[in-house]
Amino acid sequence: MKLKLRLTLVFILIFMYLFALPASAIGTKTGAGPTNYTYNFSFWGEEVAMPDAYYVSASITGHDFGIGNFNSPHGLYIRDNRIYICDTGNNRIVLIEYNDTNGTYEFIKEVGSVIINGEPSPLNAPHDIFEHRTGEIFIADTENNRVLRLDSDFNYINSILKPNDASFEDNLDFFPSKLVVDHSNRIFVQARHVNKGLMEYSLDGVFTGYMGASPVQVNIFDYFWKMIATERQREQMTLFVPTEYNNVALDHEGFVYATLSTFTGPPENADPIRRLNAVGTDILIRNGLFGFAAPFGDWYWSSSGAFSGPSRFADVVVFENDGYVCLDRRRGRLFSYDFQGNLLYVFGGVGNAEGRFLDAVALDRMGTSLFVLDNRTGAITRFDLTAYGQYINDAMNYYFIGLYNESAVLWDEVLRLNGNYDLAFIGKGRAALRNENYREAMSFYEAKYDQENYGKAFSLYRKQWIEEHIAAIIIGLVSLYVFTKILGIILKIRKRRKGKTS
C-alpha cells in the first residue's frame, strides 16, 4: 500500500513538473524564444501552419534609456547599426545604436529642434526620417509642412517646402509623411492627400514633378451612372481619382518600393506593393505560385468584424536577394515574399502578446533582423531568424547568386523540418532546371502542381532529349526509309514472279 502511494506521488510530481515548464522549453530550439503562429497557404488555398521562421529577440522602449516612453511614434529607419525613431507625439527624433558585440542598445541622442538662422526651430509631429548614404539626414517634419535636410550632426542645410507649381492645388496644405532619397540624389516624398504619385524634389528643394502615379480604377457602371445622374447626385458620388501611396522604401539597387493606402479589388488584380524604376514604371515581378498574379497579403478575409477587409500594407523592407517583407497594419502581420512574388511565410498578429501588435506602423531591418514599430504601445519589437528561417533565407541567397547546387542542399534541410513546404519543392525544381536536370525538375514541379514551371521543364526536357538522340532518330528514319524502299522492291519482284508463273 505504501509503495503504491509513493509511486502515485512520484507520478503526480513528474506530471506537475512537465506542465509547469514554459512553452518555449518544449519542442523549440535553444535560444529561439517563444513560438508565434506562422503559416502559409497550400495549393488548395488552405491556411497551413509551419515552423517559426522568426522569433522575438528583443523589445525596445524609450523607458529603457530613461528618456520616457515613445508617444504615438510613426517612423522607423535603420542604417547599419543606427536606429532612428520618429517619436511623433513627443515631437522629437531619437537615435540609438546596437552593439553587436554584447547585444545591447545604447542611447545616442534625441533631437527636438534644429537651428535655422541662429534660432531654434522645434519639430512638429515628425513622421519619417531617412539617412542618405552620404550621411545627410532628411526628416519629414509633417505638421511644420516641410522636409528638413540636415548634415550627419543634425545641422540645418535647407528645407523642402510646398511646391510653387500649378499641379499642386493652392488650397492644399503640404503634409510630408514618408520619404526616401535615391542614388541619384532625388528626394521622393509621399505627402498626405496627394494622389498624383510621389512628389520628386532635387537636393536644393526644387520640385521637379510626380513619379509613379497610380492608374485610375474606373467602374463602367459608375461611369455610366455619372453620365445620366443629376449635378447634385454627381457631387455625392466618389471621384475617379488614383489611390495615394502611404509609404516608400529604397532597395540596395536604388529602386523605390511603394505601398498603397487602400486595396479593394479582387486578388488577381491586386497591386498594393510596387517597385518603381527611374521613370515611375512598376517593375515588380509577380510570378506567384498557384496562379495568383500579385503579392497582396491574406488570400481570404471577412467583410465584417473588427478586422474586416483585405490586408492593408503600411510598410515594406527589401533584402539583397530582392526578397521583401510587407507589414499589414490591419492585422499586424508580416508577409514575406521571394523575388518572384511567392509567399514564403506569414507571422505576427494583433494583440498584447509577445510578437503581436496593437497598431504596427513601421518596419525596417538590420541585416536579416526585422524591427517593427507599434504606434499604440510605443515599443519596437525585434525578430531574428530561427534555424528554419535561416535555411530558407540562405537557399534563396544561393539561388540568387547562381549557386544552384548549394541552394538545393539547403532546401533539403527545409524539407527535413517541414515536409509540406511547397516552395522547398519549387526551389529544388528551380535548381534542377538551372542545372539542366529537366526530368528531375519536372518531378518536383509535378509534386506541387506547378503547371507553368512543369510546362517549361517539359519543353526543355523534350528539346534536350531530341538533341541527345538526334543521331539515333536520323538513323532510325533513314533505316525506315531504306526498309520501305527495299520492301517495295521485294514486293514488286514477287509480283512479277507471280505474274510469270500464272
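## Helices 7 and 8

Helix 7 (residues 438-447) and helix 8 (residues 451-468) have axes that come within 9 Å and cross at roughly 160 degrees. The two helices are therefore roughly antiparallel to each other, a label given to angles over 145 degrees, while under 35 is roughly parallel, 65 to 115 roughly perpendicular and the rest oblique. Axes here are lines fitted to C-alpha atoms, for helices over the stretch in contact, with angles from 0 to 180 degrees between N-to-C directions. The crossing of helix 7 and helix 8 is left-handed, that is, the near helix is turned anticlockwise from the far one by less than a right angle.

On the helix 7 side the contact (heavy atoms within 4.5 Å) is made by Tyr 438, Arg 439, Ala 441, Met 442, Tyr 445 and Glu 446. Helix 8 contributes Asn 453, Tyr 454, Ala 457, Phe 458, Leu 460, Tyr 461 and Gln 464. The residues of this contact divide into nine nonpolar, two polar and two charged. In this grouping Ala, Val, Leu, Ile, Met, Phe, Trp, Tyr, Cys and Pro count as nonpolar, Asp, Glu, Lys and Arg as charged, and the others, Gly among them, as polar.

## Basis of the model

This is a predicted model, in which local features need pLDDT of at least 70 and side-chain atom pairs count only at pLDDT 80 or more, while totals for chains, interfaces and linings use all residues. Residues are numbered from 1 along each chain as its sequence is written, and side-chain values use heavy atoms, with hydrogens and water left out.

## The chain as a whole

The chain has nine helices and 27 strands. These are DSSP runs numbered from the N terminus: H or I of at least four residues for helices, E of at least two for strands. Of its 502 residues, 47% count as buried; buried means under 20% relative accessible area, exposed over 50%, and partly exposed in between, with a 1.4 Å probe and protein chains only. Among contacts between residues at least 6 apart in sequence, 46% join residues at least 24 apart.

## Helices 5 and 6

The axes of helix 5 (residues 404-417) and helix 6 (residues 422-434) come within 9 Å and cross at roughly 160 degrees. That makes helix 5 roughly antiparallel to helix 6, and their crossing is left-handed. The contact residues divide into nine nonpolar, one polar and three charged.

Arg 434, in helix 6, counts as exposed at 52% relative accessibility. Not counting residues up to four places away in sequence, Arg 434 touches Tyr 399 and Tyr 404.

## Two buried residues

Ser 159 lies in strand 13 (residues 156-160) and counts as buried at 18% relative accessibility. Its side chain is joined to that of Tyr 156 by a polar contact of 2.8 Å. A polar contact is a pair of N or O atoms within 3.5 Å; within protein, one must be able to donate a hydrogen and the other to accept it, and residues adjacent in sequence count only if both atoms are side-chain atoms. Leaving aside neighbours within four places in sequence, Ser 159 is in contact with Arg 146, Val 147, Leu 148 and Gly 205.

Glu 136 is in the loop between strand 10 (126-131) and strand 11 (137-141), and at 16% relative accessibility Glu 136 counts as buried. Its side chain makes a polar contact with the side chain of Arg 149 (2.9 Å).
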